[in-house]
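Please open the structure in your viewer and keep the selection tool at hand. The tour below goes from one selection to the next and says what is found at each stop.

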There are 2 protein chains.
Amino acid sequence: MTIAVEAPIAFETGGGTIRFPADRPLRLDSGAQLAPLEIGYQTYGALNADKSNAVLVCHALTGDQYAASPHPTTGKPGWWHRVIGPGLPLDPARYFIIASNVIGGCMGSTGPSSIDPKTGEAYGLSFPMITIADMVRAQAMLVEALGVDKLFAVVGGSMGGMQVLRWAADYPERLVNAICIAAAPRHSAQNIAFHEVGRQAIMADPDWRGGDYLRHGVRPEKGLAVARMAAHITYLSEAALQRKFGRELQRDGLSWGFDADFQVETYLRHQGASFVDRFDANSYLYITRALDYFDLAASFGGVLAEAFRRARHVRFCVLSFSSDWLYSTAESRDVVRALNAAGCRTSFVEIETDKGHDAFFLDEPQFDSALRGFLDSAAHAQGLA
Amino acid sequence: MTIAVEAPIAFETGGGTIRFPADRPLRLDSGAQLAPLEIGYQTYGALNADKSNAVLVCHALTGDQYAASPHPTTGKPGWWHRVIGPGLPLDPARYFIIASNVIGGCMGSTGPSSIDPKTGEAYGLSFPMITIADMVRAQAMLVEALGVDKLFAVVGGSMGGMQVLRWAADYPERLVNAICIAAAPRHSAQNIAFHEVGRQAIMADPDWRGGDYLRHGVRPEKGLAVARMAAHITYLSEAALQRKFGRELQRDGLSWGFDADFQVETYLRHQGASFVDRFDANSYLYITRALDYFDLAASFGGVLAEAFRRARHVRFCVLSFSSDWLYSTAESRDVVRALNAAGCRTSFVEIETDKGHDAFFLDEPQFDSALRGFLDSAAHAQGLA
């Protein structure tokens, strides 16, 4: 038997950490400033001569800049390796793809585990509260520093989709296309409730130490794992869980105890245990809070359409998944209605799938073809090779 | 302004704890035996001369025998005070209503916090694993001890509904009517997943002490509160959460911190904090496990209808709630299909409501009238005054 070894990914990659000096602080919605500011990022492909092929990819709650390259901690393929790559919808031969770690994150961008220059210790809970708009403001600084005045597209799923909406509201003049996947214009009560469970699980862990765990050389791993397990259920659909696991047992027969009897328990425990290796608990607190605070219309007098008034020249693509109960199709429809009311050109597709919210990471041919169709047509309109 | 004060509930109540001696053990599905066995129970109303008016009420995961009398710890009205009482569907003037605490519970029935006669200490994790069928077997012993050969009805919601199904399968000869509300014939992968999150939250709390917390004079309150918060979300619907709380803030403006900013957070924290005052963490582990193990068809060669073959004389009522996503209408339909296939007389009503799974505890006129209609007609058929 021959084991097929995939050829190494053959496209130009770059990236690292960009540091903005103390005299270029990031102004935050809370009124605080962040300086110095570091942003961890990766790029795939090359910027073309007329700088018209840049695509900004925005990540979800626990994502990072390693969208199409192996994760430095886990070694796993990038989280969007199904979308970014040769022959894929976002082909580095055509586009200059930029992915950055959000501020508040833990993969190179300034966040609660970064060193506070004032104290020489990790920020911990003295890190300022951040918002989706703050994340986007930092991305705008990065994109500008990379020499890109205008993005061919900004694209993202889940929290990434909320960043896309915020880009359209705050920097429409820098956008040609905007692709918002499996997102919502605001966090619902149920969304907030699930995040609050996760935060309470982390803060209940004595190793959290009031947020000061790094200084004590410990980490609230059990609390963070529980938070991840609860959240992970919301990323899948009931049908997908049933199809994948049903009531299948881990061994022959029941254990008559509290071991993982059912495969779904083992799977969930694994999701929790592997998450803590790659994610910082305080980052989880801050980023979930940024999501809970997200309510795009609230920044525009309560009228969502007003958020898009300056984006009439932007071509929008809104994609949702029929079995997504975290950010349901109804919420994407709210976005589409507002885009229509604002007079924006909008494509909207609800993808029929039982894979739930996380479908945009998964092998989902309908999603692939909808995304590819929009991008190819947009590239053609723009005259991109 | 006059404040109306409700008259005290005017019906006969009784109850206490019944103790079965060591020579009358409860045989458990696991193969273990429980002895001595204690069952905490309450009764409302009186048994009539021909012993034809007894109704067994089965409680849900965190319920107890105080269905229509104030909870001894919290002082709150019984959990089914909207259903049991003068002029209500289960009127103690007509019925002799029995409610017992399930085994594994913490309100007087033998459970993990009971003293193990072998050691003189609380059982903790040496308590044997229990099932829904075991709970029902204990109830059958209680009912018999109370001098009732045949129940006019067995009724319950959620886990109580699963007990109703198990009664119909295991003791059909002792039933006239069976009312199964907001239940399912088996626990789904998603149901198991949510329970596993709760169990992991409890077991992650260092005060759980490997289940031995009572001996150490501590309790895993934080873990249990997180478990309750996660579960509580599944008891409501997204629409109900949105209607009740939306994004309403606790104070004017955001705190820009991790205090409870949103009312839904305060509500959820309160649900967690108040739960730990009245519930034992190990009981939560054991009872959630019993639910996860529940798969009625599995005891009957995988064919659900076989469970009801001996129950053709029983009149069934199956009620579900349209917005219940814990045990959805589809799962009640599975029960109804099996009842039909077995040739049982079955009424089925899906109640239109946005109140979610917990609707059977709440002010829901459609539910009230469906339950009343079935009971009144059954009482008439039976010649009950």
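Two strands count as paired if DSSP finds at least two bridges between them, and the elements named here are DSSP runs numbered from the N terminus, helices being H or I with at least four residues and strands being E with at least two. This is a predicted model, in which local features need pLDDT of at least 70 and side-chain atom pairs count only at pLDDT 80 or more, while totals for chains, interfaces and linings use all residues. Residues are numbered from 1 along each chain as its sequence is written, and chains are lettered from A and ligands numbered from 1 in the order in which they are written.

Now widen the selection to the open sheet of eight strands in chain B, whose order is E1-E4-E6-E5-E7-E8-E9-E10 and whose pairing is mixed. E1 (13-20) and E10 (345-351) of chain B are the edge strands, and each has a single partner strand, so one side of each is left without a neighbour in the sheet.

Next, select E5 (54-58) of chain B. How many of the five residues of E5(B) are buried? Five of the five are buried, where buried means that 20 or more other C-beta atoms, placed from the backbone, lie within 10 Å of the residue's own. B:Ala54, B:Leu56 and B:Cys58 point one way from E5(B), whereas B:Val55 and B:Val57 point the other way. In a regular strand the side chains alternate between the two faces of the sheet. E5(B) pairs in the parallel sense with E6(B) over four bridges, with B:Ala54 opposite B:Phe96, and it also pairs in the parallel sense with E7(B) over four bridges, with B:Val55 opposite B:Ala153.

Finally, show both chains: 42 residues of chain B are in contact with 42 residues of chain A, contact meaning that the C-beta atoms of two residues, placed from the backbone, lie within 7 Å.

Technical notes
Axes fitted to C-alpha atoms, helices over the stretch in contact; angles between N-to-C directions. Buried ≥ 20, exposed ≤ 12 C-beta atoms within 10 Å, placed from the backbone.
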